[in-house]
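Please look through the notes below with the structure open beside you. Take the points in order.

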Amino acid sequence: MPEIRVTPLGAGQDVGRSCILVSIAGKNVMLDCGMHMGFNDDRRFPDFSYITQNGRLTDFLDCVIISHFHLDHCGALPYFSEMVGYDGPIYMTHPTQAICPILLEDYRKIAVDKKGEANFFTSQMIKDCMKKVVAVHLHQTVQVDDELEIKAYYAGHVLGAAMFQIKVGSESVVYTGDYNMTPDRHLGAAWIDKCRPNLLITESTYATTIRDSKRCRERDFLKKVHETVERGGKVLIPVFALGRAQELCILLETFWERMNLKVPIYFSTGLTEKANHYYKLFITWTNQKIRKTFVQRNMFEFKHIKAFDRAFADNPGPMVVFATPGMLHAGQSLQIFRKWAGNEKNMVIMPGYCVQGTVGHKILSGQRKLEMEGRQVLEVKMQVEYMSFSAHADAKGIMQLVGQAEPESVLLVHGEAKKMGFLRQKIEQELRVSCYMPANGETVTLPTSPSIPVGISLGLLKREMAQGLLPEAKKPRLLHGTLIMKDSNFRLVSSEQALKELGLAEHQLRFTCRVHLQDTRKEQEMALRVYSHLKSTLKDHCVQHLPDGSVTVESILIQAAAHSEDPGAKVLLVSWTYQDEELGSFLTALLKKGLPQTP
Amino acid sequence: MRTEAQESWLAWSQRLGGGYQDFHAFDLSAPTRVLEWIGDKGVFIAGYESLKKNEILHLMLPPRLSVKENQGLFPERDFKVSHGGFSDRAILELKHVPDTRLLVTSGLPGCYLRLWHITEDSDVIKAVSTISVQEKAGDLWPRLAVFSMVPRVLHGVQLSSLQVVDLESWKTTYSSGVTDSEELSNLQVLDGDTFAFCCTSGRLGLVDTRQPWAPLENPSPSPGSGGQRWCAEVKDRGQGPGPCFSSLCTDGQLCLLDARDLFHPVSSVQCPVTTPSPDPELLRVTWAPGLDNCLAVSGFDGTVQVYDVTSWEGMGSQVKPLFTHRGHIFLDESKGDTAPLVTTHTWHPCKPRTLLSSASDASLHVWDWVDPRPSC
């Protein structure tokens, strides 16, 4: 079927839980397998029963592609592969492969240990799931099978995030995942070539936003940190090992230098090791600036930023500390938080989304009294701030990307239908492409017109050329021939050659029609009259009177015979081959009108 | 490794304490010449390019700005596009009809008014009707102001074409009826029956629509060297004592006048601005709705200047702004092209020191300045 079918299982007008099913030229691909962060029950997973009611997922799906390590794009992967059951390949970039399991394990710990959930995937399941992963490089064409190929493009957004092109023959789909069109301090901007896919699937969560400039966010961040340390307070910044931490460190270092500040900045050692390790592995994934810095010095050899020792947390006076984990759910950041929470001079700046159930989530919701282990209640007097630096594409960014790839159609996921009417119009008018916005579970079918290459035999080609009229580049030319399909090969040959190749004999079809005329004359005279009539009427055709009395018009034979029952009537037998159908019918009709009276 | 631009940004942002309470910068996809409030949480902007389709956008202010306490817990620092529409012509004036879902715009080419409807069940702004108001007037377009009680629009290119039109019936309910072809630069509705006008020549007037044309007005100031152009704004009734008219000239002159005696300005000062202004039509002067005797001036360059007029007196004195917003210059990413010009600015209706300003490089800033004077 020349069509592409897309069904969002999660995403598609629902933020959280990205999971999209694409059928292209008979191949089935699942894009992302995310977890909805807002639900605690089965609603957090995409509805996989859409894929196939019976039959195994492994048989139905040709592959699974994961765009990046955020849980709303990969959080349901172990559940999907180990608990629902999928053994096929899972494609993702190298950094995603390295970081995914860490986040999944972190999340698993929170769900099971903190919230006591049952029926959740286990650590072993995460490991087993990751064994099915095939890592890909940017711009590397990967053959999934001999028809399906995929290619990853740089997406910005987070380390290792990629946009994927899925191609079967001449049909292709590009899935953007989450991406960002403006570079920041440690990641470049998304980029794709003019690949002209049939369909571009892009997220539109932020399509209706106009983002505050990064410099203003940074300014705000610096202002908060500065004000806190100026009044003698301590600033805690819980971070994930990678990504924003580096960016914020660079920012603070620059600011400290400029303002000649002496207040100590620390980052926890666990953070250093992990971060350094990953950055060394994936240095090509960061942007130019970071790479330059890395070459000149070690990522964490800052003048003003030192390694943290847990004893420092009790030191008097102002300081800034970066500590993991990012959601304050365990470990060093939580330890430090507990020590500093009671003092209103202190501040904690949460740099990203926190999962429900974590301390980070609770304090961002405004909770000021927290129950810790052993029924201890912690009163939170320190200031709580949220500073999101995460980068998504806004309307301007989406238009830019669509302009780069030049797809035939665009499909928007992650947005609210009512709020997308304007963007849809904008895309359709400005970029002249159709725009689709399916809801969860709704299938969009896109007709495509794939070009099928057919080889033409030299003999046939020569024959056509001999008919004169040079072919014109833009005008379609009608050819007659026989199409032979063998294996995946298409050939156009002349009928004779086809018959020969296939060992078939040519059939001849001959039609005979009886025309009854009232005429008392003898057959021979009749034939003569027919001959004269046709000769004078059909001036363009070759009309002959044969010695045996029959008349021929081109290759059509007309014979006169007596009518078996009616002596006053005659029967004209008109006979022609299939090729002369038109003339044959014409003659018959003509003769039925009767012969002219002889003068 | 740091670029020059980053250095100057850092230098500028060092003034964290003594400059801005808050500052947000946004990049629109196209520059706007209009900033029109809808309530106190939304603004309309519109494109003014002549050769392509322009967008009208209804933007919701970042929720962060509406919150007084605990700003830190509100991550939402972005504008949201709430509704959008398309216009095949440049939009140079846009007014929202209060308490309705209607907008009126005018622009180029042509001399027309266009009525728009903000649909309820989708996010599209639809053009409802377009009426031509007079023969093409070259490069001029009708100025607009709206009455609220009964939806009517005041429009005019020149004094002679000043009219009030009812938006439901499109009937003209008032005409100036004069033949004077002086070009208008501002129109402002003051209440259900009164409006003010300002001509490019500097001629100001207050008109009562219940009477045939008989405005309270001043004579045109003596024509100075060619190319001078004036604009003006009248204080809202409830905005405290003092002169209510402020008029601004492209040569940097700022006059304060009292409605009771438009012939004799209360004071006139010289603002420290770059003259001649590169685009006289961008000039704008506005009174602060939440502060006594403060006004803002823009259109000469990439800055917006805030002045306190309380102690102004006499004629011709040099004054200094209380605060100058230089964000559009410092954050300009165009790298070497002509410096951006502020195309328009507006005060937040409720937050006394918050302003919005937009520039020709498609930037949109929301900023809250700190009064540098010691509080008594």
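**Notes on the model**

1. Start with A:F48. A:F48 has a relative accessible area of 8%, so it is buried. Keep in mind that this is a predicted model. A:F80 is buried too, at 0% relative accessibility.

2. How far apart are the ring centres of A:F48 and A:F80? The distance is 4.8 Å. The ring planes meet at 45 degrees, so the pair is tilted. A:F48 lies in the loop between β3 and α1 of chain A, and A:F80 lies in helix α3 of chain A, 32 residues apart. Ring pairs join both to a cluster that also includes A:F45, A:Y79 and A:Y86.

3. Now chain B. B:Y307 and B:W312 form an edge-to-face pair, with 65 degrees between the planes and 5.7 Å from centre to centre. B:Y307 is buried at 0%. B:W312 is buried at 12%. Over all chains, the structure holds 22 aromatic pairs.

4. The charged end of B:R89 sits over the ring of B:Y112, 4.0 Å from its centre. The charged end of B:R143 sits over the ring of B:W141, 4.3 Å from its centre.

5. Turn to helix α13 of chain A, residues 421-430. Its residues A:F422, A:L423, A:K426 and A:I427 are buried.

6. Finish with the open sheet β14-β15-β16-β17 of chain B, which is antiparallel. β14 and β17 each have a single partner strand, so one side of each lacks a neighbour in the sheet. β14(B) and β15 of chain B pair over 5 bridges.

Definitions and conventions. Residues are numbered from 1 along each chain as its sequence is written. Chains are lettered from A and ligands numbered from 1 in the order in which they are written. This is a predicted model: local features need pLDDT of at least 70, side-chain atom pairs count only at pLDDT 80 or more; totals for chains, interfaces and linings use all residues. Side-chain values use heavy atoms; hydrogens and water are left out. Two strands pair if DSSP finds at least two bridges between them. Helices (H or I, at least four residues) and strands (E, at least two) are DSSP runs, numbered from the N terminus. Buried means under 20% relative accessible area, exposed over 50%, partly exposed in between (1.4 Å probe, protein chains only). Rings of Phe, Tyr and Trp (its six-membered ring) pair if their centres lie within 6.5 Å; planes under 30 degrees apart count as stacked, over 60 as edge-to-face and the rest as tilted. A charge sits over a ring if NZ of Lys or CZ of Arg is within 6 Å of the ring centre and within 35 degrees of the ring normal.
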